[in-house]
Amino acid sequence: MFREILLAGATAALTAGAALAASAPPIDAQRVLRDIQVMSSDAFEGRAPATAGEEKTVAYLIEQMKAAGLEPAGDPLPAGGRAWTQDVPLARFALDGPVTVGVSVAGAPEAWTQGEQIAIRAAQTGAERVTIKDAPVVFVGYGVSAPERDWDDFKGLDLKGKVALVLVNDPDFETGEGDFGGKAMTYYGRWTYKYEEAARRGALGVLVIHETAPASYGWATVRNSNTAEVFDIIRPNPLEAHVPLEGWIQRDVAAGLMARAGLDFETLRKEARTRAFQPAILKGVALSADYSVQAEKVVSKNVAGQVRGTRFPEERVIYSAHWDHLGVGAPDARGDRIYNGALDNASGTAMLLEIGRAFARGPKPQRTVMFLAVTAEEKGLLGTEYYVGNPLYPLGRTVGVINMDGVGPTGLARDFTTSGDAPLTLQDELVAVGKAHGRYYSPDPRPEAGSFFRSDHFPFAKKGVPAISFGGGQDLVDGGRETGAAWRAAYNADRYHQPADEFDPAWDPRGFVADGTLLYGLGRRLSDSRIWPEWKEGAEFKAERDKTAAMRR
């Protein structure tokens, strides 16, 4: 019966492009589901980097790549050949003991609880202890300095010795209009930018004000992601990228604090949407904090396999997916402490393995096709950041990157999407392949969430490599767009970055067949042609790609 369902799913996916899809090795949803179930089981302990869960995950990926018939494509070995992995040196930071934090307002102290009013990250500066006593607090709007847009939220304010309160997302978020591209988030809207800009200005701390809509996720996600251990690349001077205190604060807590200082949160938030905004000091408010941090160097692993090209083996098409998730952390209401990460991203990693099997079984591609399972995406895209800074193969001869992060479970969809709307001919190629499979492209349904900057294709894009991150559709054959949107909303609210992101045997296998067949078709199109995808005129990453144009002649 299960096999009949798979065949029916494959048939439904093959409409106008029947001949193209029929020639592709079949995507076996049963294998994909098995891989998801294994990697998201409690035995893998949430797949956090530098844990026993990583060891199990890496061993499983190597085992499956070997069985698929891939060849190793990782670090060069001293005796020749390649390893299956690339070493990724990282710094790991964890809170050591309780976090003491609070404010005084006009001399009256008020204690806060870690994970409730506030979520403080382990300091990534290398300090073993963070102690702050009565630091002034200032509201800096969206915390943006964008000279090319004639925008400066700081207006000459000296942040040294101060803790900044900052809004998440862009000044355009509320109205969808303005100097930052409307609803679609720019990098200025990412919380990572807020920390980086404050570090450049010498701030003592930054607290991002959490609101669900502009953040695109609830407080549970913030708490779970920020109170666990955090990672970073090895930096010669961490204070250039991090302030001593980094964290988030609940919106109502921040608004109440501002009100007690004689300020109105909603009025200031409205002013922050304009160039005329002036930072506001919270008079009479001081913040204090004290906590210890454990810091150590660890080595995590990217896993790399490939099918070597027959005519142009030095040119590579890369499929990527991150294997890591959040590991073991704070318990949910059920007492579950294992963050299994079934959809995020055991599903993408399982699809990576299955497409690898398809290429290994099928006709050998003219270009090399590489399958790269990267570490530490949940810690800030660190595995990919390390790869592009230390590429195993030249980026200038990388044809394109097809990233997969959360695919398949909602069943057959008429459409598909990408994280962000990339000004890139690689996206045009994806649209063309999708059309051949009877599916249409839907723009990112939540551009305000800044998904383009949150997936593993982004570090490649910054280096000029054409890169996209695929997403399944919401216009479902069974239930339409309303059902698809409702499923996605429920996932974001109840399972994303929570222990409830678990394997579900009720997942519809047809979606995995359809998405996998489309993704295989795109890789086959690139690997058996002389197509070199490019950034379009005006794209911010085009100049970086053009530097290596001679390598592609």
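This is a predicted model: local features need pLDDT of at least 70, side-chain atom pairs count only at pLDDT 80 or more; totals for chains, interfaces and linings use all residues.

Start by selecting asparagine 345, which sits in helix 10; helices (H or I, at least four residues) and strands (E, at least two) are DSSP runs, numbered from the N terminus.

Residues are numbered from 1 along each chain as its sequence is written, and side-chain values use heavy atoms, with hydrogens and water left out.

Next, select helix 14, residues 480-494. Its 15 residues reach 22 Å from first C-alpha to last, close to the 21 Å expected at 1.5 Å a residue (1.5 Å times one less than the number of residues). Colour Gly480, Gly484, Tyr491 and Asn492, the buried residues of this helix. Here buried means under 20% relative accessible area, exposed over 50%, and partly exposed in between (1.4 Å probe, protein chains only). Viewed down the axis of helix 14, the buried residues fall within an arc of 135°, so they line one face; the arc is that of the directions from the helix axis to the C-beta atoms. On the other side, Glu482 and Ala493 are exposed. Helix 10 (342-361) is part of what covers the buried residues of helix 14.

Now show Tyr319, Ile355 and Phe371. Of the 64 residues in the largest nonpolar core, these touch the most other members. Such a core is a set of buried Ala, Val, Leu, Ile, Met, Phe, Trp, Tyr and Cys residues joined through side-chain atoms within 4.5 Å.

Then go to serine 145, in strand 6 (residues 145-146). Which residues does serine 145 touch, leaving aside those up to four places away in sequence? They are Trp151, Phe154, Tyr188, Tyr193, Glu197 and Arg201, where contact means heavy atoms within 4.5 Å. Serine 145 counts as buried, at 18% relative accessibility.

Finish in the loop between helix 3 (29-39) and helix 4 (52-68), where you will find glutamate 45. Its phi is near 55°, a positive value in a residue other than glycine. Alanine 50 is in the loop between helix 3 and helix 4 too, with a positive phi of about 60°.
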